[in-house]
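This report concerns the sequence and structure shown below. It takes a single residue as its starting point and then widens the view.

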Amino acid sequence: MPPFGQRRTPTSGPGSRGPGGRGPGGRGPGGRGRNQQQRKKRTCRFCDSKEDYIDYKNEKRLQRCVSEQGRIIPKRITGTCSRHQRQLVVAIKRARHLALLPFLNEAVS
Amino acid sequence: MAAKSKVYETTFIINASLDDPQIDAVAEKVKDLIVKNGGEMMEFVKWGRKRFAYPIKKRNNGFYIVMEFRAPGDIVSKLERHFHLDENVLRFIVIGLDKVALKSRLTGESLIKPAMTSTPMPAEAPAAEAPAKSE
């Protein structure tokens, strides 16, 4: 039997968290919260391939950076760095002007 | 003193319902305009007919041409004016290329390749399979 009172402090000792990890102590600085399953550090794909210039003519490349409806995917999801995201946005908008990319893809609902 | 020249790139879309010689004529006019204004052509790539992502002037495809040239800065407004006046040019874009862009933009062949949408794979030659079966 544990000493009296110890049960009440949820952050003490290992194994004190329930399987869900969502108790009052579950949101600690450890980051154990809702997104426990998948927290992989995404790196900027343009930095990885050492691209300095994002070409609006590279349709295939840009297509991967927009959603099925044609929206620009935010960098918080893709992991693109700020510098490249800024360039990417310009490139996508140029490509849209030339009808290489859709403004809105209505075929997908 | 000679005017400062810069490298520019222009992509424009020509009405695809024209015949090839007519399309060439439209492109040639643009070329002429650049050269006459003291420009120097660096790259001239025909992407060819491509489907639009959305209709432009009730059309679903157009003929894309990419040009790269070095010319003094006043070419841009002249070029834009020309494009606006030419009815067969559906869309255009003129962009100045900076040092970084010049180093790593798509050029020549590599430019055409990513633009091409799914080149049909050559059908498997039945001849290759036949001798294997006979054995």
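In which helix of chain B is Ile23(B) found? In this predicted model, Ile23(B) belongs to helix α1 of chain B.

**Surroundings of Ile23(B)**

Is Ile23(B) buried or exposed? Ile23(B) counts as buried because 20 C-beta neighbours lie inside 10 Å, and 20 or more are required for that class. Leaving aside residues up to four places away in sequence, Ile23(B) touches Ile14(B), Leu18(B) and Phe63(B).

Chain B contains an open sheet of 4 strands, arranged in the order β2-β3-β1-β4 with antiparallel pairing. The edge positions are held by β2 (40–56) and β4 of chain B; each has a single partner strand, so one side of each lacks a neighbour in the sheet. On average, and with direction ignored, neighbouring strands of this sheet are turned by 20 degrees against each other. The antiparallel pairing of β2(B) with β3(B) extends over 11 bridges. Lys50(B) has Gly62(B) of β3(B) opposite.

**Helix α2 of chain B**

Helix α2(B) lies across β1, β3 and β4 of chain B and runs at about 170 degrees to β4(B). The helix spans residues 75–85, and Ile75(B), Leu79(B) and Phe83(B) are buried within it. These three residues lie on the same side of α2(B), because they cover an arc of only 65 degrees around the axis. The other side of α2(B) carries the exposed residues Ser77(B), Arg81(B), His84(B) and Leu85(B). What do the buried residues of α2(B) pack against? The partner elements in chain B are β1, α1, β3 and β4, with the residue ranges tabulated here.

| Element of chain B packed against by the buried residues of α2(B) | Residue range |
|---|---|
| β1(B) | residues 5–15 |
| α1(B) | residues 20–36 |
| β3(B) | residues 59–72 |
| β4(B) | residues 89–96 |

The element α1(B) in this list is the helix in which Ile23(B) is found.

**Chain A**

The secondary structure of chain A consists of 4 helices and 0 strands, and its elements follow the order α-α-α-α from the N terminus. Of the 109 residues in chain A, 19% are buried. Among the contacts in chain A with a separation of 6 or more, 56% join residues 24 or more positions apart.

The confidence in chain A calls for separate comment. Its average pLDDT is 74, and 60% of the residues score at least 70. Over residues 1–28 of chain A the pLDDT is below 50, and the stretch has 20 contacts in the model beyond near neighbours in sequence. Where pLDDT is low, the predicted coordinates should not be read in detail.

**Contact between the chains**

How many residues of chain A are in contact with chain B? The contact involves 17 residues of chain A and 18 residues of chain B. On the side of chain A that touches chain B, α2 (59–63) and α4 (82–97) of chain A each supply at least two residues. The largest share of that side, 3 residues, comes from α2(A). By residue class, the side of chain A that touches chain B divides into 7 nonpolar, 2 polar and 8 charged residues.

Conventions. Residues numbered from 1 in each chain as written. Chains lettered and ligands numbered in written order. Predicted model: local features only at pLDDT ≥ 70, side-chain atom pairs only at ≥ 80, totals over all residues. pLDDT = per-residue confidence, 0-100. Contact = placed C-beta atoms within 7 Å. Buried ≥ 20, exposed ≤ 12 C-beta atoms within 10 Å, placed from the backbone. Arc of directions from axis to C-beta. Nonpolar A, V, L, I, M, F, W, Y, C, P; charged D, E, K, R; others polar. Pairing = 2+ DSSP bridges. Axes fitted to C-alpha atoms, helices over the stretch in contact; angles between N-to-C directions.
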